[in-house]
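Subject: Structure handover

Hi,

Here is the structure I promised to pass on. Please open it alongside this email. My notes follow below.

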Amino acid sequence: MSASNIIYVLLLIVLANIINNGVDAKHKVFHELQSKSKSLESVSPLHRTSYHFQPPRNWINDPNGPMLYKGIYHLFYQYNPKGAVWGNIVWAHSVSKDLINWEALEPAIYPSKWFDINGTWSGSATNVPGKGPVILYTGITENHTQIQNYAIPQDLSDPYLKKWIKPDDNPIVQPNHGENGSAFRDPTTAWFNKQDGYWRILVGSKKNHRGVAYMYKSRNFKNWVKTKRPLHSKAKTGMWECPDFFPVSVTDKKNGLDTSYNGPNIKHVLKVSLDLTRYEYYTLGKYNTKKDRYIPDGKTPDGWDGLRFDYGNFYASKTFFDDMKKRRILWGWANESDTVEDDVLKGWAGVQLIPRTVLLDTSGKQLVFWPIEEIESLRGKNVQMNNQKMEMGQSFEVKGITPAQVDVDVTFNVGSLEKAETFDTSYTTKPLELCNKKGSNVSGGIGPFGLITLATSDLEEYTPVFFRVFKDVLTKKPKVLMCSDAKPSTLETDTGSDQKQMMYKPSFGGFVDVDLADGKISLRSLIDHSVVESFGAKGKTVITSRVYPTKAVGEKAHLFVFNNGSQPVTVESLNAWNMQKPQKMNQGAH
Ligand code: DQQ
């Protein structure tokens, strides 16, 4: 990291401490707003999502302990039952048979004992043969130390696992000397090593400014001892929240693997959530079970420039293995990017994004993500477009659907790559800067082209998701940039409110590793009122944006395909479906 980056990180640390009143999970703390719930009737429907996971009101953050038990999917999540800002956190609990319709149960875990009286924070669930599911979570003690506790179901015969017990022999893991008791949290799902008969877990932490994933092992899932070395750590990355560690198959391009699976032809994934910047990165590597060492591949960056599950608004994610459909599923939280005042007015904040399957890409160099197939059951009316050539500056409207609530999947053909601009290698690790510099209206050789989502008919408001193709003279390969830009999403002048001027309207960006040999590149966006989740090149690069249009809302929203590059681009095929609301979405949540 350069000197200027180090100064930037230090500044972020100081700033984060100021805005968080010193509390070490960097959720902003607004004491006076923590316990002000809106009545259900007065919750604002304006930007609420229709098919994303949300409770009817209040604040949500991290997905916790996702699992499948006796044919029922469980999702726990950090929830404030009393207001639309972070605070009073409990483990809310929902169950589903299809990952689409959700029934809210009573919170599974909430502060009640000395070992969690000041907080029941994030964690995971492990199905332990002979014991059943065990939740490991972070408790904040009487004296504000972060420790790891366990909870078990009261009745294993209940597939809904309605009641959870927190035994009195908690905690199971405490920070010891040298560990930072205010940065020691978010235990992972455990994995079992057949060779030595031990379970292992990771706990996220930091040592000074070094991000650390401490490892603990246990034979009986109760007495845990710290291993000699952390599984992994990285200088100057700050607190590692919500680590996740799992295997992926190198050869099987269809199925996921159980968290404990070990054998030939696999790689391991270590994902961490960086508290300093609130984005995540992952590495792929080799996990040597004998030596208890994880060595990242070395070909991909480990640190600030690391690969991401999602290059947009996506945090505190967690995967689980779905034994029924043999797939690994990723849950991630998208925070609001409007203001706290807006959240309080709306009466809600935060969504869980559509669960995604996770596989290793055929290149072996990255993961690929795709919305779970169940989401397609919500598809209604369909419109199509085929072989539509777009000259420079041309756009076409996708008509006949309700664009505020659609699933749209398009394949573009860019033709020959000759006209592509030369890639400036100083942007190799800076896709975001490139998106900021070359937005959807800055014409290039090939691109920008893509979708214009949540738009007014006259483009007063719009959220473009687009590609731009460069030529990398060093590698002689195309370098494809993908951007999702919230900057033009919301009119500011119209609101007249200072708060709206402060709304966070970022441009997000990532590179897409494709060779464009056949000229084709696909883009799928799940658009849901204030969420745009976009999957480039079949999930090689994913970007989520949160936006709050003032005019392009409901029936007044439009969807376009566009090309602003000098070379014509063809829409080979486009399918857009109206998305229906699930029948059950946590009605009556507590
Ligand atoms: N959120 C939880 C913490 C975690 C953070 C608290 C990540 O356990 O580190 O609500 O968003």
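A polar contact, as I use the term, is a pair of N or O atoms within 3.5 Å; inside the protein, one atom must be able to donate a hydrogen and the other to accept it. Keep in mind that this is a predicted model.

**Lys-438**

Start with the case where that cut-off applies. The side chains of Lys-438 and Glu-421 make a polar contact at 3.0 Å. That distance falls within the 3.5 Å limit.

Where does Lys-438 lie? It sits in the loop between α3 (431-437) and β29. Leaving aside residues up to four places away in sequence, Lys-438 touches Glu-421, Phe-466, Arg-468 and Phe-470. Take Arg-468 from that list. Lys-438 and Arg-468 are 30 residues apart along the chain, yet 8.8 Å separates their C-alpha atoms.

**The ligand site**

How many residues surround the ligand? The count is 13, and the closest are His-27, Asp-62, Gln-78, Arg-185 and Asp-186. By class, the shell splits into 4 nonpolar, 4 polar and 5 charged residues. Three strands each supply at least two residues of this shell: β1 (58-69), β5 (120-128) and β19 (315-322).

Three side chains place an N or O atom by a ligand oxygen, as follows:

- Arg-185: an N or O atom of its side chain is 2.8 Å from an oxygen atom of the ligand.
- Glu-241: the distance from a side-chain N or O atom to a ligand oxygen is 2.9 Å.
- Trp-86: a polar side-chain atom lies 3.0 Å from an oxygen atom of the ligand.

How much of the ligand's accessible area does the protein cover? On its own, the ligand has 310 Å² of accessible area, and the protein covers 100% of it.

**Two domains**

The protein chain is divided in two. Domain 1 spans 3-371. Domain 2 is made of 377-491 + 503-579. Their C-alpha centres lie 30 Å apart.

The interface involves 35 residues of domain 1 in contact with 34 residues of domain 2. Between them the domains bury about 2,900 Å², with 57% of that on carbon and sulfur atoms. Which three residues supply more than any others of the area that domain 1 buries against domain 2? They are Tyr-51, Tyr-311 and Trp-370, with 25% of that area.

**Backbone points to check**

Look at two cis peptide bonds. One runs from Asn-170 to Pro-171, with omega near 0 degrees. Pro-171 is in the loop between β8 (164-165) and β9 (184-185). Another joins Gly-447 and Pro-448, where omega is about 5 degrees. Pro-448 lies in a strand, β29 (residues 446-455).

Then there is Lys-236. This residue is not a glycine, but its phi is positive, at about 60 degrees. Lys-236 is placed in the loop between β14 (232-234) and β15 (240-249).

Over to you.

Best wishes

Terms used. Residues numbered from 1 in each chain as written. Predicted model: local features only at pLDDT ≥ 70, side-chain atom pairs only at ≥ 80, totals over all residues. Heavy atoms only, no water. Near = heavy atom within 4 Å. Areas by Shrake-Rupley, 256 points an atom, 1.4 Å probe, with all protein chains shown as cover. Helix = DSSP H or I, 4+ residues; strand = E, 2+ residues; numbered from the N terminus. Nonpolar A, V, L, I, M, F, W, Y, C, P; charged D, E, K, R; others polar. Domains from an automatic or database assignment. Contact = heavy atoms within 4.5 Å. Buried area = accessible area lost by both parts, 1.4 Å probe.
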